[in-house]
Amino acid sequence: MPAPSDPRDLAVSAPDSPDSPASVGAESARSRGKVRAFLDLVAIEHSVFALPFAYLSALTAMQVHGGRVRWGDLLLITVAMVGARTFAMAANRILDRRIDARNPRTAARELVTGAVSVRTAWTGAAVALVVFLVAAALLNPLCLVLAPLAVVPLVVYPYGKRFTNWPHAILAIAQAVGPVGAWLAVTGTLDGSWPAWLLGVAVGLWIGGFDLIYACQDSEIDQEIGVHSVPARYGRRFALHASTVAHVVTFALFIWFGALVGFGWLWWIGLALTALAFGYQHVVVSPTDLSKVNRAFFTANGFVGIALFVFALLDLVIRLGLRA
């Protein structure tokens, strides 16, 4: 007769029960994998581009209205901004998944490859939208009332490339909402919000102008599959010239904003560095050489938001007396 099996062998070969540590651990790993894939889907790290300008608007409003930092408001603004952006990115990826599948540059995105299911993406989008609305409600009644209006361009933008050659303008409107919303989050009123509108338009033109550059990568494939954009309709050279105009106006609005709220020399140093970053991204990208588009995106645009915020914060604290 064969020798009885070692109990340890049975333990190894037996299937895990649903409640066993190994099964629970495997399920936890799968859940973490889904969460990580969803965060990759919405490029959560790109929140750094919009958040500095929301903080800048909020802190400027705090300096004007009392001169003290309200940390609770900053936390809720952060939650609202990340929630809104996550919802927008998830909706964009969901609605564009068939277009992405036909474009070699985007064919590896998570919804195309199946790394994230459409159901998971919709669930994540719904959760992010609820988070945004709850944060708006906790800030003040005006933010809650206006929150649905902020969502509209976020939903319309993915459809823009289906009916207009200027979907970049819709993105600009969506991005302009951030600084305005942050100001309203602090003050609870539209009175005296003119600086926030200036900053909002500047940010919208900044992001919209870069989107013109970014879309140049897909101009040829967009023409083939019927996707609308400025580069696809008017050519890369026109799109890059339009981007330059948008960023010149952006810079002028940054100057106007700084003068309007009374920023000093530190702000102007930050603005000078911003001018260099703008110049860099327009020098390294040309109609015949798009190889450095991603470098312009991650390096130049990330630097713009961080530099302006840091120098404005220093000015608010040192010269204007913003207190923690």
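Trainee: Hi! Let's start with Ala 43: buried or exposed?

Mentor: Ala 43 counts as buried, because its relative accessibility is 8%. Buried means under 20% relative accessible area, exposed means over 50%, and partly exposed is in between (1.4 Å probe, protein chains only).

Trainee: Thanks! What should I know about the model itself?

Mentor: This is a predicted model, in which local features need pLDDT of at least 70 and side-chain atom pairs count only at pLDDT 80 or more, while totals for chains, interfaces and linings use all residues. Residues are numbered from 1 along each chain as its sequence is written, and side-chain values use heavy atoms, with hydrogens and water left out.

Trainee: Got it. Where does Ala 43 lie?

Mentor: Ala 43 sits in the loop that runs between helix 2 (21–41) and helix 3. Helices (H or I, at least four residues) and strands (E, at least two) are DSSP runs, numbered from the N terminus.

Trainee: And which residues is Ala 43 in contact with?

Mentor: Arg 85 and Met 89, if you leave aside neighbours within four places in sequence. Contact means heavy atoms within 4.5 Å. There is also Thr 86, 43 residues away along the chain, with 8.3 Å between its C-alpha atom and that of Ala 43.

Trainee: What about Leu 41, which residues does it touch?

Mentor: Leu 41 is part of helix 2, and it is buried, with a relative accessible area of 1%. Not counting residues up to four places away in sequence, Leu 41 touches Met 89, Arg 93, Glu 110, Leu 111, Val 116 and Ala 121. Leu 41 and Leu 111 are 70 residues apart along the chain, and their C-alpha atoms are separated by 7.8 Å.

Trainee: Zooming out, how many helices and strands does the chain have?

Mentor: The chain has 15 helices and 0 strands. Its length is 324 residues, of which 49% count as buried. If you take the contacts with a separation of 6 or more, 74% of them are between residues 24 or more positions apart.

Trainee: Can we do helix packing now? At what angle do helix 13 and helix 14 pack?

Mentor: Helix 13 (residues 236–261) and helix 14 (residues 265–284) pack at about 180 degrees, and their axes are 11 Å apart. Axes are lines fitted to C-alpha atoms, for helices over the stretch in contact, and angles run from 0 to 180 degrees between N-to-C directions. The two helices are therefore roughly antiparallel to each other. For that wording, angles under 35 degrees count as roughly parallel, over 145 as roughly antiparallel, 65 to 115 as roughly perpendicular and the rest as oblique.

Trainee: Which residues meet there?

Mentor: Helix 13 brings, among others, Leu 240, His 247, Phe 251 and Phe 254, and helix 14 brings residues including Trp 267, Trp 268, Leu 271 and Phe 278. The residues of this contact divide into 11 nonpolar, 7 polar and no charged. Here Ala, Val, Leu, Ile, Met, Phe, Trp, Tyr, Cys and Pro count as nonpolar, Asp, Glu, Lys and Arg as charged, and the others, Gly among them, as polar.

Trainee: New topic: how many aromatic pairs are there?

Mentor: A search of the whole structure finds 11. In the pair of Phe 53 and Phe 254, the ring centres are 5.7 Å apart and the planes are at 0 degrees, so this pair is stacked. Rings of Phe, Tyr and Trp (its six-membered ring) pair if their centres lie within 6.5 Å; planes under 30 degrees apart count as stacked, over 60 as edge-to-face and the rest as tilted.

Trainee: Which parts does that pair tie together?

Mentor: Phe 53 is in helix 3 (residues 51–64) and Phe 254 in helix 13, so the pair ties together parts 201 residues apart in sequence. Phe 53 is buried at 1% relative accessibility, and Phe 254 is buried at 0%. With Trp 206, they form one aromatic cluster.

Trainee: Last one: how many disulfides?

Mentor: The count is 0 disulfides, where a disulfide is a pair of cysteine sulfur atoms within 2.5 Å. As for cysteines, Cys 143 is buried at 10% relative accessibility, and Cys 216 is buried at 0%.
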